Amino acid sequence: GGGSARGTEGSVPTLAVSMKPWLSPQIFGTAQMISSAVFSLHCNGTHLLAGYYNGEVAAYSLLSGNLDYRFSANLDHTAVTAVRFRPEQEGRKNLLALCGADGSVQAWHLTSTRCLAKANIPECAMLSLDYRSDGAALAVGGQDHVVRIFDSARHQVSQELKPSEEDGNTTGHSGRVCAVKWHPTDSNLLLSGGWDRTVQVWDVRVRG
């Protein structure tokens, strides 16, 4: 579709764009509709993952728009707050991670809809996650202001990035961590954003 920029002097221009759906309307048709709010989306080039408020995960074909896979993460009636495909490597395909409002962090194999590993942070919602580019580490942001880094092979926490104060300088978040993102080329850098209105850059080689 086309678009036009509008705005007055001294204001931020807005862009009005007419766009057509790029996925089949069947996704939202009555035959395939999942009656729940979508909390998270991620795609890997062939499928779009959707994490739902009711604790389900669905994978839609980017080619046909069909619902190819669907499973429940069994999150004690809470939401799937984030989903991510694991970067594909030889012998490691169709893998994904999810986290939930019940504190779960889970690894799944998509095509078999099989849960491979689970971890749980008691009484703390997990809100965001991202795989490092090599897939060997998974960063997870929590309601407790902490960023946890999981070793993907063992599915265990290998490092925690917590609020701290040293030499009068405060580091870490003072609110929920709602976004985490690994640097695309530097595996030592991790970015996080939270309800404290800060975006923080971590060098994971520096242990607190």
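Phe71 and Trp108 are both buried (under 20% relative accessible area; over 50% is exposed, and partly exposed lies in between, with a 1.4 Å probe and protein chains only). The structure is a predicted model, in which local features need pLDDT of at least 70, side-chain atom pairs count only at pLDDT 80 or more, and totals for chains, interfaces and linings use all residues. Residues are numbered from 1 along each chain as its sequence is written, and side-chain values use heavy atoms, without hydrogens or water.

The structure contains two aromatic pairs (rings of Phe, Tyr and Trp, the last by its six-membered ring, with centres within 6.5 Å; planes under 30 degrees apart are stacked, over 60 edge-to-face, the rest tilted). Phe39 and Tyr53 form a tilted pair, with 5.6 Å centre to centre and 45 degrees between the planes. Phe39 lies in strand 3 (residues 38–43), and Tyr53 in the loop between strand 4 (47–52) and strand 5 (56–61), so this pair ties together parts 14 residues apart in sequence. Phe39 is partly exposed, at a relative accessible area of 43%. Tyr53 is exposed, at 52%.

The rings of Phe71 and Trp108 are stacked, because their centres are 4.0 Å apart and their planes stand at 20 degrees. Phe71 belongs to strand 6 (residues 67–72) and Trp108 to strand 9 (residues 104–109), so the pair links parts 37 residues apart in sequence.

Two arginines sit over tryptophan rings (CZ of Arg, or NZ of Lys, within 6 Å of the ring centre and within 35 degrees of the ring normal). Arg132 lies over the face of Trp182, 5.7 Å from the ring centre. Arg176 lies over the face of Trp195, at 4.5 Å.

The chain has 19 strands and zero helices (DSSP runs numbered from the N terminus: E of at least two residues for strands, H or I of at least four for helices). Strand 17 is joined to strand 18 (residues 189–194) by five bridges. Val180 has Ser192 of strand 18 as its bridge partner.

Of the 208 residues of the chain, 41% count as buried. Among contacts (heavy atoms within 4.5 Å) between residues at least 6 apart in sequence, 38% join residues at least 24 apart.

Technical notes: Two strands pair if DSSP finds at least two bridges between them.
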